[in-house]
Structure formats: structure tokens, C-alpha cells
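Hi,

Here is the structure I promised to pass on.

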Amino acid sequence: MERIQKVIANAGICSRRKAEELIEAGKVKVNGQVITELGYKVSDKDEIMVNDRIVEKTDKVYFLLNKPRGVVTTTSDDKGRKTVVDLIDTEYRIYPIGRLDYDTTGALLLTNNGEFANLIMHPKNEIDKVYLAKVEGIATGDIVKQLEKGVVVDEIKLSSSRVKIKKIDKEKEESFIELTIHEGKNHQVKKMLEAVKLPVIKLTRERIAFLDVKNLKSGEYRKLNKKEVSQLYVLANTNK
């Protein structure tokens, strides 16, 4: 079930904001009944009409992108910067699942399926998001335990399900740390590492669940196949 304005926007009829205006103006019908409630939810079985024209159902699409540095994770940008959506050649109105910072690279999923996006993002479904961070300072076993136990940032406890020290360069006083998280709070990994006095130099998301970007160059993408999408649904439902 998805909000009706989102379904209309995903079908390419108009923007979500314009869809809300049409709903409030009584221009939208569901199964023949005028709907003016913005939060009204519909399923694939419902017939939706906008200005007395049937909204055609759109196929669901799923993309895995190796996000480059210097690209914003949004559908549009008021500063005119390139977005992750600009990198993908598709006729569908897709959007990113979660966010990667402007200077963070790596695995990012994009789709037009809101239900799927919610499954991937919700912490209770425990979908692994695996990051590799290059940091200033020498990581220790005590720091690993602290990150796994959780650190408090802005009165919010942030934790990682798994933390591994991948490499330590004592000469440069730098470390490489792998963190696996299930949440997706704003700047979470960077804030966690700053809290233990290991500021991030470079951050990459290497993997989402079983999906990695080893075979994709920076800026390249591919479609997920049906088997991969099904596996993600099973994984999310299993971990609930």
C-alpha cells in the first residue's frame, strides 16, 4: 500500500506536490470515488483516475549504483549539482533508497517501489549496510567494542552490529575500519567515528546485504534481476 500522491507521481503524471493539489481539488478518483485525503493509501488492485483519465500502472524497477564522490543523493538539487538520478538512464521516476553523503562513495539502491524501499531502510529488518572508513588515528580493540556497544551523539545512541579493523598504518597514523550498520541516520558512520576520536578521511559503502559494486566502476550502475529482488524481500522478512 502506498500513498496516492506518490503513486500518481511515480506514474509520471505530475510531481508529488502537484498530485496533492489535484487531490485537494477533487480531481482524483479511486475506484470511481472522489478522494480528497492526502494520506489515502492504495494498492495495485485499485483503479486511480486523474482528471477522469486512468493512471496506468508502472513496472517496478531496481538499480544498483556505484555512487561517485561529488554527487548528491536526491532526485533534484536547488544548487544545480549532479544527482544520483542524473546518472541513470531510465524513463521511470526513481529515487534513492536512503542517503550517501556528497563525498561518500559506493553502493546505493534506487527504485520506484516504495514498499521495497521501506523494507531496505527500516532498522528492524536488519539489512546490512557495510562501510569501509579510512580514518585519522590508530584504531584499537577497545574502540571496536565501544562502537559495537554504541556511542551517544546529540543525545542519540548510535551503534554498529559489527566492527572490524582492516588495516593500520602506524607511520601515517591512519586506520581502515569496516562497520556494518542497520540504521541510516544522517552522517551516522562519520559521527560514530568522530565520537571515538577517529575522524573520517574517506568513506565508502561497500555492500548492501549481498550486493556489492566490485564489478561497477565509479558512476556505473546495473539493474537488479528478479532473483536478487526476491532474495532481498526474503532477507528483510526473515529478519523482522
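This is a predicted model: local features need pLDDT of at least 70, side-chain atom pairs count only at pLDDT 80 or more; totals for chains, interfaces and linings use all residues.

Residues are numbered from 1 along each chain as its sequence is written, and side-chain values use heavy atoms, with hydrogens and water left out.

Strand 7 covers residues 62–67, and six of its six residues are buried, so the rest of the structure largely encloses it. (Buried means under 20% relative accessible area, with a 1.4 Å probe and protein chains only; strands are DSSP runs of E with at least two residues, helices are runs of H or I with at least four, and both are numbered from the N terminus.) Tyr62, Leu64 and Asn66 lie on one side of strand 7, with Phe63, Leu65 and Lys67 on the other.

What does strand 7 pair with? Strand 9 (residues 105–111) runs antiparallel to it, joined by six bridges, and Lys67 sits opposite Gly106 there. Strand 17 (residues 221–223) is also an antiparallel partner, over three bridges, and Phe63 faces Lys223 in it. Pairing takes at least two DSSP bridges between the strands.

Now the helices. Glu115, Phe116, Leu119 and Ile120 in helix 3 meet Val229, Leu232, Tyr233, Ala236 and Asn237 in helix 6, where contact means heavy atoms within 4.5 Å.

Cheers

Notes. Buried means under 20% relative accessible area, exposed over 50%, partly exposed in between (1.4 Å probe, protein chains only).
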